[in-house]
Amino acid sequence: MNLCALNLGYRELNELVHGSEEDVVIDQCFGQRFIGSGASSKTIIINGTPGNALGAYLDGASIIVNGNAQDAVGDTMNDGKIIIYGNAGDTLGYGMRGGKIFVRGNSGYRTGIHMKEYRDKKPVIVVGGSTGSFLGEYLAGGLIIVLGLGTEEFPTGYFTGTGMHGGEIFIRSNIVPRGLPKQVTLSQASPSDIKRIEENLVEFSDLFGVSMDEILGKTFHRLMPNATNPYKQLYTEN
Amino acid sequence: MFRNPSGCAISGIISTSGRRFSGKIIVDSIAAMRERSNGLGGGFAGYGIYPEYKDYYALHIFYNDKLSKKECENFLEEHFDIINLSKIPTRKVKEITDEPLIWRYFVTPLPTKLADSQLDEREFVVKCVLRINTAIDGAYVFSSGKNMGVFKAVGYPEDVGRFYRLDEYEGYCFTAHGRYPTNTPGWWGGAHPFALLDYSVVHNGEISSYDANRRAIEMYGYKCTLLTDTEVITYIIDYLHRVRGLTLDEICHVLAAPFWSTIEGKPQEERDELEFLRYTFGSYLLNGPFSIIVGFEGGLMALNDRLKLRSMVVGQKDDMFYVASEEAAIRVVQSDLDRVWAPKGGEGVIITLKEQENLAKAG
């Protein structure tokens with residue numbers, strides 16, 4: 001089904017998308033919010049600029065954005081896939097608990113804030129370019145990979161991993177990360193670490209036509225929380 | 001009950017070549033973010049809109065009634081030469097109700113009064129504006145710059161734009177605001193932009209340091225009377241820029257000062273300057289989430305709080321620069337952008353007319 005979003009409010013547009021059994025292509029999208037929220041099947045292709053909370057609570061469907069996305073993409077997403085050919089805004093993958101998000105360009109502040117994992121549910125975010133500050137803030141689980149393609153500068157801002165107590169962050173750069181908070185440990189990714197995340201790198205490579213040689217052409221730094229219970233004595237012995 | 005997605009909206013558009021364009025464009029931009037407002041305030045500032053009166057201060061005034069109008073006009077006549085006065089043209093719009101009397105005066109200070117006051121002209125105008133707003137009950141000057149004007153009301157911004165016939169104005173720069181008041185009343189005076197002289201501010205966020213900022217600025221003769229936090233930002237900018245002579249870049253480092261930990265990592269010279277600004281102007285640090293667009297004669301400035309707790313995107317196409325809370329609000333008026341980026345928290349974006357840049361270089 002083809003939809004022109006130009007003169008549709010977010011409510012009308014989303015009712016049409018929800019009501020469709022088949023795949024949906026949305027043209028001339030200008031900021032309509034909540035597109036694909038909670039969707040469990042079909043593929044939604046968006047040409048334009050989808051509004052905030054794209055794919056919130058996504059539950060198995062696929063969303064492809066030909067353009068830039070705004071804030072809170074994949075908010076509390078549970079399953080499925082979001083592929084963005086441009087940039088994403090702030091709080092990408094906010095509280096995400098499953099599924100995968102691939103961004104060709106950059107993402108904003110607080111990428112992957114408070115992502116979490118449980119048993120087989122392990123969310124993944126791969127950002128091709130750079131991210132803003134507070135990457136992986138309060139990270140509780142899941143995997144974030146920042147590739148820093150096209151930049152020689154360190155590809156994240158300040159305060160990376162603040163409050164991190166689970167999950168893993170990989171940052172590709174020839175510069176060693178500085179100023180990490182106390183509860184985060186830093187190591188260079190081992191070949192077995194790379195092996196573990198390789199399927200995500202290959203998927204990124206296939207999606208956006210970036211060669212694996214280029215992707216693997218720089219050092220990957222691995223950030224992990226340094227204790228299983230980082231809040232052990234924050235307030236009281238627990 | 002539908003979910004009400006909150007957050008104010010801001011937008012700004014400027015032609016750096018000084019080319020004037022219709023106010024319709026800024027209305028279209030802000031209208032794309034309707035969900036960020038709730039109908040309790042909308043407004044616009046336009047620059048370069050009064051070329052025929054460009055040497056006169058344009059006072060836009062709300063009056064509760066004829067009595068306050070009479071009292072205010074007596075005051076104006078005592079202090080200013082009034083070149084022209086009229087109602088601000090409006091259009092009946094069913095969404096906009098309970099409008100006050102809305103008048104516009106093009107004025108210049110009376111030379112004798114100005115000489116008596118021993119103030120420079122702009123300070124004289126500021127004193128008069130603050131005097132009216134604090135001492136004349138029911139009168140409120142909401143715009144007082146030269147060759148610029150603020151238009152604001154209670155309503156959604158696109159309805160406010162139709163009400164004030166914004167499509168009939170042409171300027172080289174416009175800013176806009178859609179309001180979603182969270183803890184202060186939605187009333188005509190509380191709509192954005194807030195302006196003093198040619199400085200205008202539209203703001204998305206909440207200044208949690210409001211009272212500390214208010215106490216600091218009120219020591220210098222300003223008086224916060226409008227029941228909302230944005231007003232104090234306008235006065236701080238007027239004070240730091242016009243009175244203290246700080247550059248806009250320095251003002252960004254005062255309003256959204258970097259953390260001490262961030263300053264520590266800077267080269268010595270930059271570090272000295274940042275530390276100086278933090279120590280000297282610490283009372284004007286704005287805490288809490290904000291994104292603001294400041295309009296002024298010849299340019300605009302956009303700034304996020306240092307933690308970047310509000311969104312802001314900048315786009316460029318040739319001589320046109322666009323700033324908005326959401327990229328969609330830029331794309332809807334210019335889909336073909338040369339460049340689009342999200343400034344970092346605390347990183348001011350200052351865009352001025354080329355003509356002024358050239359003057360600055362020559363000077």
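Two strands count as paired if DSSP finds at least two bridges between them. Keep that rule in mind, because pairing of this kind is what builds a sheet out of separate strands in the description below. The structure is a predicted model.

Start in chain B with one sheet. Four strands of chain B form an open sheet. Their order is β5-β6-β4-β7, and the pairing is antiparallel. Which strands of chain B are at the edges? They are β5 (80-87) and β7 (139-143) of chain B, and each pairs on one side only. From one strand to the next, the twist averages 30°.

Now look inside this sheet. Strand β4 of chain B covers residues 57-63, and strand β6 of chain B covers residues 101-109. The two run antiparallel, joined by seven bridges. One bridge can be found by name: B:Tyr63 has B:Leu101 in β6(B) as its partner. A helix also belongs in this picture. Helix α4 of chain B, residues 121-135, packs on the sheet. The helix touches β4, β6 and β7 of chain B. Its direction makes about 140° with that of β7(B).

Step back to chain B as a whole. How is chain B divided? There is a domain 1 (9-47 + 157-362) and a domain 2 (50-146). Domain 1 of chain B is thus written as two stretches of sequence, because the assignment gives its bounds as 9-47 and 157-362. The C-alpha centres of the two domains of chain B lie 24 Å apart.

The two domains of chain B also touch. Here 17 residues of domain 1 are in contact with 22 residues of domain 2. On the domain 1 side, the elements that give two or more residues are α5 (157-163) and β11 (194-196) of chain B. The largest share of that side comes from α5(B), with four residues. What classes of residue make up this side of domain 1? It has eight nonpolar, two polar and seven charged residues.

Elsewhere in chain B, find helix α8, residues 248-255. Its buried residues are B:Ile251, B:Cys252, B:His253, B:Val254 and B:Leu255. What do these buried residues of α8(B) pack against? They pack against α7 (230-243), α10 (268-280) and β14 (299-304) of chain B.

Next comes the meeting of the two chains. On each side, 17 residues take part: 17 of chain B are in contact with 17 of chain A. Helix α11 of chain B, residues 328-331, gives the most to the chain B side, with three residues. By class, that side has eight nonpolar, three polar and six charged residues.

Chain A has three helices and eleven strands. From the N terminus on, its elements run β-α-β-β-β-β-β-β-β-β-β-α-α-β. The C-alpha atoms of chain A fill a box of roughly 50 × 45 × 30 Å along the principal axes. Is chain A compact or extended? A compact globule of 238 residues would have a radius of gyration near 18 Å, and chain A has 18 Å, so the two agree. Buried residues make up 50% of the 238 residues in chain A. Among the contacts in chain A with a separation of 6 or more, 37% link residues 24 or more positions apart.

One strand of chain A shows burial well. Why is strand β5 of chain A, residues 79-84, described as largely enclosed by the rest of the structure? Because five of its six residues are buried. This strand has partners, too. Strand β4 of chain A, residues 59-66, pairs with β5(A) in the parallel sense over five bridges. There, A:Val65 stands opposite A:Ile84 in β5(A). Strand β6 of chain A, residues 100-103, runs parallel to β5(A) and is joined to it by four bridges. Here A:Ile83 stands opposite A:Phe102 in β6(A). In a regular strand the side chains alternate between the two faces of the sheet.

Finish with a single residue. A:Leu3 is in strand β1 of chain A, residues 2-4. Is A:Leu3 buried or partly exposed? A residue counts as buried if 20 or more other C-beta atoms lie within 10 Å of its own. A:Leu3 has 19, so it is partly exposed. Leaving out residues up to four places away in sequence, A:Leu3 touches A:Leu13, A:Leu16, A:Val24 and A:Ile26. A:Leu16 is 13 residues from A:Leu3 along the chain, and their C-alpha atoms are separated by 8.4 Å.

Terms used: Residues are numbered from 1 along each chain as its sequence is written. Chains are lettered from A and ligands numbered from 1 in the order in which they are written. This is a predicted model: local features need pLDDT of at least 70, side-chain atom pairs count only at pLDDT 80 or more; totals for chains, interfaces and linings use all residues. The radius of gyration is taken over C-alpha atoms; the globule rule is 2.2 Å times the number of residues to the power 0.38. A residue is buried if 20 or more other C-beta atoms lie within 10 Å of its own, exposed if 12 or fewer, and partly exposed in between; C-beta atoms are placed from the backbone. Two residues are in contact if their C-beta atoms, placed from the backbone, lie within 7 Å. Ala, Val, Leu, Ile, Met, Phe, Trp, Tyr, Cys and Pro count as nonpolar, Asp, Glu, Lys and Arg as charged, and the others, Gly among them, as polar. Axes are lines fitted to C-alpha atoms, for helices over the stretch in contact, and angles run from 0 to 180 degrees between N-to-C directions.
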